[in-house]
Amino acid sequence: MYLSFKGYIFLFLGLLWGCFLSCNDDVKLCEDSTVVNLNMGFHQIKNGLDKDSILPSLTIIGIGKTDSLYSQKPNTQNVILPLNQGRDSSSFFIQPDSNLVGDTLSVFYSRQLHLVSPACAFVTFFNLDTAIATHHQIDSVFIQYKTVTTTNGENIKIYY
Amino acid sequence: MGKILKFTISLLLITMGARGQQDSLRTYGLRLGVDLSRLVIPYFQPNRKDMEFSADMEIRNNLFGVLEGGWNTSQINNGPTFQYQSSGYFGRIGIDYNLLTHDYIQENNLAYVGLRLGHAQFHQQASHYQLIDPYWGNINSSIPLHSVQASWLEFVAGLKVEALKHFFIGWSIRARILLNNPVDPILTPYVIPGYGKGAAKGEFDVNYSLYYLIPLFKHKIEVPRISLPIPSGKLKKPVPSTKGKKKRPTK
């Protein structure tokens with residue numbers, strides 16, 4: 001007497017809920033992005049306008065490391081850099097051309113461990129605090145997006 | 001769009017407003033519920049165990065005070081990569097407003113919208129974790145057990161239908177907005193008890209619950225009865241038709 005049409009509504013919604021749960025089943029497969037990198041772009045101010053700056057032969061090495069992240073990469077406007085997950089700062093040697101004196105960029109941040117899913121495990125998210133650089137070639141450094149996660153735009157702008 | 005809105009409002013006003021009234025007795029009481037959907041979660045997500053209870057009572061006509069509470073434990077063991085544990089409690093306080101009119105005196109069905117304020121208190125730890133970093137070097141570390149709190153605002157819409165006398169089944173759809181973000185500056189929680197995924201600033205959820213109404217007292221109420229709206233203006237006395245009738249000759 002009480003249930004007829006209502007019963008069908010509940011059955012339908014039960015199936016919907018089951019579907020909702022199964023869609024959220026993230027236990028076995030890692031389908032999310034786990035790549036967290038600092039996104040950095042090179043710029044210059046021309047006639048009062050922000051223009052892209054193309055570096056002719058870019059070399060970037062992490063301070064304290066011997067391996068280069070970029071080695072004389074031609075015509076580069078932006079790069080992605082891994083931040084050190086074990087410390088609250090990372091420093092990089094940045095040389096825009098092989099015959100120019102390079103600069104050192106230091107980035108300071110706070111870290112947050114993020115459990116993506118049981119299958120994807122942990123990644124570190126960063127919240128940028130400050131960025132400073134020497135001024136052999138670099139004019140200024142500007143933090144655009146403070147949060148460095150799996151999805152982010154250009155975090156740091158470097159002006160030459 | 002405007003016409004649809006006008007029609008919907010008119011329909012609502014007709015069903016809620018234009019009705020006669022009659023005095024009768026109605027049962028009031030405390031309705032206790034258990035969320036059945038939480039019992040099913042471990043079959044889909046074996047690392048989670050949840051439980052949720054609720055209590056509601058009509059405090060004014062069609063307005064219900066609601067208390068909800070429960071707990072969650074999460075335990076994930078992903079071999080050499082990480083081990084994570086969390087457990088804690090949550091509570092919600094709020095109100096529901098019933099949109100249905102009662103056609104029968106004993107029918108306590110509800111179609112409601114509501115608001116909740118939720119709070120969770122829980123502990124979490126990563127007894128071991130490994131971060132793979134081919135450039136700066138891999139990290140093997142741990143985060144000790146620590147206390148975390150979270151608060152959120154919740155919008156609810158749902159149904160409660162009396163399937164048997166004093167027994168109700170119901171579902172609700174919930175939209176939650178986290179009020180303190182980040183909840184934990186060191187480690188994003190996998191699950192916030194009573195809220196959902198710890199990484200989400202907003203969360204949707206569906207609950208399926210079974211309720212029992214403990215009848216406490218009966219109260220005389222005015223029972224609404226739907227009647228057709230009377231058109232405005234005076235009713236004219238119907239004029240008898242003279243068609244086909246012979247005109248009486250006048251003397």
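Okay, let's start with a pair in chain B: B:Arg116 and B:Asp96 are both buried. Keep in mind throughout that this is a predicted model. The side chains of these two, B:Arg116 and B:Asp96, meet in a salt bridge, 2.9 Å from N to O. And it links distant parts of the chain: B:Arg116 sits in strand E5, residues 110–131, while B:Asp96 sits in strand E4, residues 82–98, and the two are 20 residues apart.

So which residues do salt bridges with shared partners join into one network here? The list goes B:Asp35, B:Arg38, B:Glu52, B:Glu68, B:Arg92, B:Asp96, B:Arg116, B:Glu154, B:Arg174, B:Arg176 and B:Asp205. You'll spot our opening pair, B:Asp96 and B:Arg116, in there.

Let me pick out another pair from that network, B:Arg174 and B:Glu68. Their side chains also form a salt bridge, with N to O at 2.9 Å. B:Arg174 belongs to strand E7, residues 167–178, and B:Glu68 to strand E3, residues 63–78, so this pair ties together parts of chain B that are 106 residues apart in sequence. Buried or exposed, these two, B:Arg174 and B:Glu68? Both are buried.

Next, B:Arg48 and B:Asp50. Here the side chains meet in a salt bridge at 3.2 Å, N to O. Once again we have a buried arginine and a buried aspartate. If you count salt bridges over all chains, you get 16.

One more stop in chain B, and that's B:Ser37. You'll find B:Ser37 in helix H2, which covers residues 36–44. Why do we call B:Ser37 buried? Because its relative accessible area is 2%, and the cut-off for buried is under 20%.

How many helices and strands does chain A have? One helix and eleven strands. Chain A has 160 residues, and 43% of them count as buried. As for contacts, take those between residues at least 6 apart in sequence: 51% of them join residues at least 24 apart. And the accessible surface of chain A is about 8600 Å², with 54% of that belonging to carbon and sulfur atoms.

That's my tour, over to you.

Definitions and conventions:
Residues are numbered from 1 along each chain as its sequence is written. Chains are lettered from A and ligands numbered from 1 in the order in which they are written. This is a predicted model: local features need pLDDT of at least 70, side-chain atom pairs count only at pLDDT 80 or more; totals for chains, interfaces and linings use all residues. Side-chain values use heavy atoms; hydrogens and water are left out. A salt bridge is a side-chain nitrogen of Lys or Arg within 4 Å of a carboxyl oxygen of Asp or Glu. Buried means under 20% relative accessible area, exposed over 50%, partly exposed in between (1.4 Å probe, protein chains only). Helices (H or I, at least four residues) and strands (E, at least two) are DSSP runs, numbered from the N terminus. Contact means heavy atoms within 4.5 Å. Accessible areas come from the Shrake-Rupley method with a 1.4 Å probe; for residues, only the protein chains shown count as cover.
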